[in-house]
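Thanks for coming, everyone. I have a few minutes on one structure, so let me put it on the screen and get going.

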Amino acid sequence: MSEKFNCFYCRDNLQGKKYVEKDGHHCCLKCFDKFCANTCAECRKPIGADSKEVHYKNRFWHDSCFHCFKCHHPLASETFVAKDSKILCNKCATRVDSPKCKGCFKAIVAGDENVEYKGTVWHKDCFTCSNCKQVIGTGSFFPRGEDFYCVTCHETKFAKQCVKCNKAITSGGITYQDQPWHAECFVCVTCSKKLAGQRFTAVEDQYYCVDCYKNFVAKKCAGCKNPITGFGKGSSVVAYEGQSWHDYCFHCKKCSMNLANKRFVFHAEQVYCPDCAKKL
C-alpha cells in the first residue's frame, strides 16, 4: 500500500498534482502562496510558485516588478546599482552621482562639456554672461559677486577708461593725479619712453622723461648753462629778470660768494654782492 503524499498545511493529497518543497515539507501551490511565498518589495503581493523571482540582499521581487526606481526600465536580466535602498539602472545611477549644472539644474554626466569655477559647475552652453546672455563657455570672464561677465560687457560696465586712448583698462594700468592710464599710454611726449616707475616731469599736461626734459624743455642756467631740471643737486632755482640759475650757481661775479637767499646787485647782466658792486 503506497504511503500517503499530502500537503503539509492543508493535508490535501498531492498525488499527481503540482507541489513545492519548502523547508523539508511538501505543500500545494495554494498553501505555498499563503504560507511560504516571499512578498514582493515593489507591489507588496506574494511571489507565487509559478512566478519568476528576483532576490537581492534579503529582498524579493517579481521579475516584472524589478525595475529602475527612476526610469522604470526592467532590470531582471540586466546589471543594476543599489543606492539608498533604491534600485537604479547604470544610466540613472550615473546621473544621481553626477554634479548638477548651476544654469539648468540638470545632471552633468560623463561626456558633457562643462565649466567649473570655485566648486560650482555649469554645462558649457549654460555658462553665460549675466549682462548680454551670450555663452561664455570656456572663454575669458570676470566674476563680480554672483554674476559673471564676458570681457566686452565687463569693459563696458566696470572698467576704467584710459584718459589718453579712451579704451578700457582691463588689467594693470596706473593712476596719476587721480586719472587712469594704460601703462603703455603713459609715455614721454617726445621719445615715447614708458614713464611708469620712472622719474618724469609734467609741463602743461605734457609728460617728459628726465632726458627729454633736460634737452628740450628745461631752462638753461644763466651761470653754468646746463639745464635746470629740478632733480638732484641744485633742485632750488633762483629766477630774476627772466633768467634762472641753479642755487649753487647764483654767486658774485667777482668774489664768487653764493648769493642764494641773500642781497645782491644785478648789473650789466651780471650778479654781484653789495660790497663788490660798490667797487664797479
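Predicted model: local features only at pLDDT ≥ 70, side-chain atom pairs only at ≥ 80, totals over all residues.

Look at Cys-89. Its sulfur has its closest cysteine sulfur in Cys-92, 3.6 Å away. Is Cys-89 buried or exposed? Cys-89 is buried, because its relative accessibility is 9% and the limit for buried is under 20%.

How many disulfides turn up in the whole structure? The search finds zero. Cys-40 is in none either: the nearest cysteine sulfur belongs to Cys-43, at 3.7 Å. Cys-40 has a relative accessible area of 0%, so Cys-40 is buried. As a reminder, a disulfide is a covalent bond joining the sulfur atoms of two cysteines.

Next, the aromatic rings. A ring pair is described by two things, the distance between the centres and the angle between the planes. The count here comes to 27 aromatic pairs. Take Tyr-9 and Phe-35. Their rings are stacked, 4.7 Å centre to centre with 15° between the planes. This pair links distant parts of the chain. Tyr-9 sits in the segment before β1, Phe-35 sits in helix α1, residues 29-36, and 26 residues separate them. Strand β1 itself covers 19-22.

How accessible are these two? Tyr-9 counts as partly exposed, because its relative accessibility is 35%. Phe-35 is partly exposed too, at 45%.

Here is a second pair, Tyr-117 with Phe-141. This one is edge-to-face: 5.4 Å between centres, 85° between planes. Again the pair links distant parts of the chain. Tyr-117 is in strand β7, residues 114-117, and Phe-141 is in strand β9, residues 141-144, 24 residues apart. Tyr-117 has a relative accessible area of 23%, so Tyr-117 is partly exposed. For Phe-141 the value is 23%, and Phe-141 is partly exposed as well.

Together with Phe-8, they make a nonpolar surface patch of about 290 Å².

Now charges over rings. Lys-86 places its charged end over the ring of Phe-69, 5.1 Å from the ring centre. Arg-144 lies over the face of Phe-158, and there the distance to the ring centre is 3.8 Å.

Last topic, the backbone. Most residues other than glycine have a negative phi, and most peptide bonds are trans. Which way does Arg-11 go, positive or negative? Arg-11 has a positive phi, near 70°. Arg-11 belongs to the segment before β1. Its relative accessibility is 51%, so Arg-11 counts as exposed, the cut-off being over 50%.

Gln-177 also has a positive phi, near 55°. Where is Gln-177? Find it in the loop between β13, 174-176, and β14, 179-181. With a relative accessible area of 57%, Gln-177 is exposed.

One recap before I stop. Zero disulfides. A count of 27 aromatic pairs. A nonpolar surface patch made by Phe-8, Tyr-9 and Phe-35. And positive phi values at Arg-11 and at Gln-177. That's all from me.

Terms used: Residues numbered from 1 in each chain as written. Heavy atoms only, no water. Patch = residues over 30% accessible without salt bridge, like charges linked within 9 Å, V, L, I, M, F, W, Y side chains within 5 Å. Areas by Shrake-Rupley, 256 points an atom, 1.4 Å probe, with all protein chains shown as cover. Salt bridge = Lys/Arg side-chain N within 4 Å of Asp/Glu carboxyl O. Helix = DSSP H or I, 4+ residues; strand = E, 2+ residues; numbered from the N terminus. Phe/Tyr/Trp six-rings, centres within 6.5 Å; stacked < 30°, edge-to-face > 60°. Buried < 20%, exposed > 50% of the residue type's maximum accessible area, 1.4 Å probe, protein only. Lys NZ or Arg CZ within 6 Å of the ring centre and 35° of its normal. Disulfide = S-S within 2.5 Å.
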